[in-house]
Amino acid sequence: MLQHWSRAIAHIWGLEGSLMQLDGEYDLNFSVATPTEQFVLKVMRPGCEQALVDMQCLSLEHLHQQSLPTQVPVPQVIITLEGQNFTVYHDPQGKPRIVWLVSKFEGLNYAHFQPKSGVLIHQLGSYMGHMSAQLESFNHAYLKRDFKWNLMQSGWIEAELGCIENLERKEIITTIVEQFKALETDLNNLPQQCIHNDVNDYNILVQGSLNQAPYISGIIDLGDMCLAPRVCDLAIAGAYIVLDQTQPEQALAQLVAGVHSSAPLTAIEVALVWPLLRMRLAVSVVNSTLMALDNPDDPYITISQGPAWAFLQNHRMSGGLIEARLRFACGLPLNTAAKPTLAWLSEHSGAFFPLLGADIDLNQAPMVDLSVEGSSIPQDPFSIQPHEAQQLINPNLQLALGYYLEPRLVYTDKAFKNGSWPSSNRRTVHLGLDIFAPAGTALHAPLAAKVEAIDNRQANLDYGGVVILRHQSPRGDEFYSLYGHLNPSSVTQLKVGQELSAGDVFAHLGEPSHNGGWDPHVHVQLALSIEGMGYDWPGAVDPDDINLWQSVCPNPSLLLNLNHDVTQYSPPSKDQAQQVRQDHFGQNLKLSYAEPVMFLRGWRHYLFDEWGRPYLDAYNNVPHVGHAHPRVAQVAAEQLVRINTNSRYLHPSRSAFAEQVLSHMPSELSVCYFVNSGSEANELALRLARAHTGAKQIITPQHGYFGNTTGTVDISAYKFASPRARAGGLSQPDWVHLVDVADDYRGQYRRDDKAAGELYAQQVAQHIATLKTNGEQLAGFIAETFPSVGGQIVPPPDYLQHVYKHVRSAGGLCIADEVQTGLGRLGDFYFGFEQQQVVPDVVVLGKPIGNGHPIGVVVTRPAIAASFAHGPEFFSTFGGSNLSCVVGTEVLRIIEDEQLMNNAHDMGKLLFAGLRKLQKEHACIGDVRGFGLFVGVDLVSDPDSREPATQIADYVKNRMCEERILMGSEGPDDNVLKIRPPLTIGAEDVNHVLHMLAKVLQEVRVLTS
Ligand SMILES: Cc1ncc(COP(=O)(O)O)c(C=O)c1O
């Protein structure tokens, strides 16, 4: 068959090319590749009307007119040798078929493309706007045909509803049909024009790569064009765009905003988008249900309905709120009353009756800071405790105000959560204004009102008693105010519809026992419309939706005669923090991630940004026992109020810390030194080696990192051998000798070589031999037990045994830097050297031991300490301070008490199993290695050559951060994903990491294919 159609293109268009058959529902489609160009050959179904093809060809020609300001990427028709848009050619069976040829776009179907970002969807919308503007002047007789996919004619499904057996589904479709019928007048009043009518996810092509933002490369298949209001086109595209989105309403808003940017929509059109979108989905599911009945043996028909049914069943979003969102996306006012109402409120603000009565001037009340930045309530941002909720403000304050638009972590109930992971998004931003005052305080109507609703919401952390009042501006525009956390019995005395005059007492503040469990206060919220939300107003909203909600519920300070600027929260500015950093910090202090993040709170393995958005921390190893561990905070605070002096005085905390540290060490290592950092500890380790051996020569692996001081940089090849070393005035000192990292994945000796450990260690022996020849003496060998910046490497199991043997026979000391690997992170081993079955001469501990407080520890043998003691006094002012000692001791105790090493083992096992599964599915995962929660995922561009995939690692790390999961990248080529979370991480979090990593790796597959 291919040969037949090859001959056809040669004959009709004079083209020589290879053909490949493409998918097509009714017609045959072939991609045609000539040496210079790509085309699509379209062979129409037998009996196809010529007008259908003529309409498409002419419309494409119309869209390609040079005079158009924006070229929408639609295919170009290739004229036959005889100068026609299409012709007739007989198929192999001798049937006449209309054939035509169009240019082919590069790109992948939107359906299969990942990621489907808001920017991409907006661009699609913008092209659609241009296309509808350009098609307005196109006409063709065939546009007027009867057509079941014309939304204007979609009422046909009503007669077919009997085909849906499932009652829930049937009810959904019935409702959609009823809503559609109610809109018919509006729809019929809209002008009709030529529309594409089928911008579905297979008719949109997308291109992009790891370093090029995805863009719409083509919109194809104009075969469903018809006459209809242009909003139908938008609704149809919307019906596909929303389907596989976790936040469909945001995606739809992007599409609508995109259309509006190039073809401004009217408010009536915006109002039609959502009901028409649902009607299109209804037509799809009814149509495929009928098809499934006709083709009972074709399971694909039923499967293909799945996403549309799932959407209709699971996303019962309020049409009113979606309309508000879409209007907002287009920059349209919430409704016609919003602007004049706000203007009237502003004009009269100051003259409304004081809510707490004429004697109380709220302007004198202090603001209380309950923000993510300024408050430590609740201590556990996932579970506010009753005593915390009941004491939000200083009990000495009689009156205080809580900010409008303040991000807070107090909303811990699951009702505020959006998603099923522990760190899923949540509603944090307060949409009202709080007035803290004693329980029983009377509330006076600020202006004349009718009682709209009263309720007693008894759930914990809900409102308790709540009242909604309806007001009217002199223009007759209605608006509403809500008062929550009231005494329910005061509220139940009200009647719905009851008239209130300004100043009338209508309720009293409730006690915690019946106001939802909160410190007595009233939450006051204003709404310019209750369309779509009824009486269920969200008191706190998602930070990403602040602007939208602000337009529905503006600052109620107007009604309370308060100053807007004083009562509206302004978050710490990320931009300013970045500017100060730029101006006043050294420029070689790097920020993580392409879009830097600002974190204001931490808890266990979670971090919260300035708007309270939760992040899962799968990266930071310093908060070893979890961010903001209350036990660490408590011992530190208590110690600071008692005493914090230096190690020249006796104090039991010092001996306790030493005993704790030594209890985990081999018995030979019995002398401790306390310092302030890993760098300082490694400096000291070098001095110990020099003092004990009288020598200076050091052997160390490539890519090692031991700290930021002059001495440690001298031994850190990661620094002195970096491409920027020369500019930094750094070079390899003549007393430092480098060996390969014992990397059995990418190094010269690999995992299948049983002697790999010995062979890598041989390099140490060779240096020793050269030193001997040169008459030099070895001070020692220093290595991170599992090289971290070297690429999260686990050396062959006998590597250090061989190395230590060589080093010791040359009189050198063996120094193990356990900053990254120590304290149970490896799950099976408390220290990395245990896995290597060696006992070092000096062990260096750092960051995790202070859980964020600066502590370094050096542990050595008594004989080495004795050699060092012959020299001058060793003293570190802050090393071993009382504070550091109690913190270090507590961290070590917590590791035991919370069995964190076991957890590292169990979570590591889960993580490795998931990563290995991903490795089978994604060729870019070359290696998964590590122990416990010290994990490296080595990304490669080719699994055979093991070429490091630096760009992929960069993409994955940054996309994971956008998905609010932190991980890092490491290794000489920066291609190894580094996963080393606080040891508190749980199974759901690990699954969350794996789930998102699978999603992002799928994007990588798409973007690199
Ligand atoms: C293995 C290793 N050793 C030493 C250090 C230096 O520790 P600090 O930054 O506390 O001086 C680091 C820091 O990243 C490290 O990773």
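In the predicted model, an oxygen atom of the ligand sits 2.4 Å from an N or O atom in the side chain of S679. This is a polar contact, meaning a pair of N or O atoms within 3.5 Å. At Y705, a backbone N or O atom lies 3.5 Å from a nitrogen atom of the ligand. On its own, the ligand has 390 Å² of accessible area, and the protein covers 84% of this. Accessible areas come from the Shrake-Rupley method with a 1.4 Å probe.

The model is predicted: local features need pLDDT of at least 70, side-chain atom pairs count only at pLDDT 80 or more, and totals for chains, interfaces and linings use all residues. Numbering runs from 1 along each chain as its sequence is written, and side-chain values use heavy atoms, with hydrogens and water left out.

The residues around the ligand (a heavy atom within 4 Å) are S677, G678, S679, N682, Y705, F706, G707, E784, D817, V819, Q820 and K847. Three are nonpolar, six are polar and three are charged. Here Ala, Val, Leu, Ile, Met, Phe, Trp, Tyr, Cys and Pro count as nonpolar, Asp, Glu, Lys and Arg as charged, and the others, Gly among them, as polar. Helix 19 (residues 678–693) supplies the largest share of this shell, with three residues. Helices are DSSP runs of H or I with at least four residues, strands are runs of E with at least two, and both are numbered from the N terminus.

Helix packing was examined next. Helix 18 (residues 652–662) packs against helix 26 (residues 882–897) at an angle of about 35°, and their axes are 8 Å apart. The axes are lines fitted to C-alpha atoms over the stretch in contact, and angles run from 0 to 180 degrees between N-to-C directions. Helix 18 contributes S653, R654, A656, F657, Q660 and V661 to the contact. Helix 26 contributes N882, S884, C885, V886, G888, T889, L892 and R893. Contact means heavy atoms within 4.5 Å. Six of these residues are nonpolar, six are polar and two are charged.

Backbone features occur in loops. The peptide bond from Q114 to P115 is cis, with omega near -5°. P115 lies between strand 7 (108–109) and helix 3 (118–135). I377 and P378 are also joined by a cis peptide bond, with omega about -5°.

Notes: A polar contact is a pair of N or O atoms within 3.5 Å; within protein, one must be able to donate a hydrogen and the other to accept it, and residues adjacent in sequence count only if both atoms are side-chain atoms.
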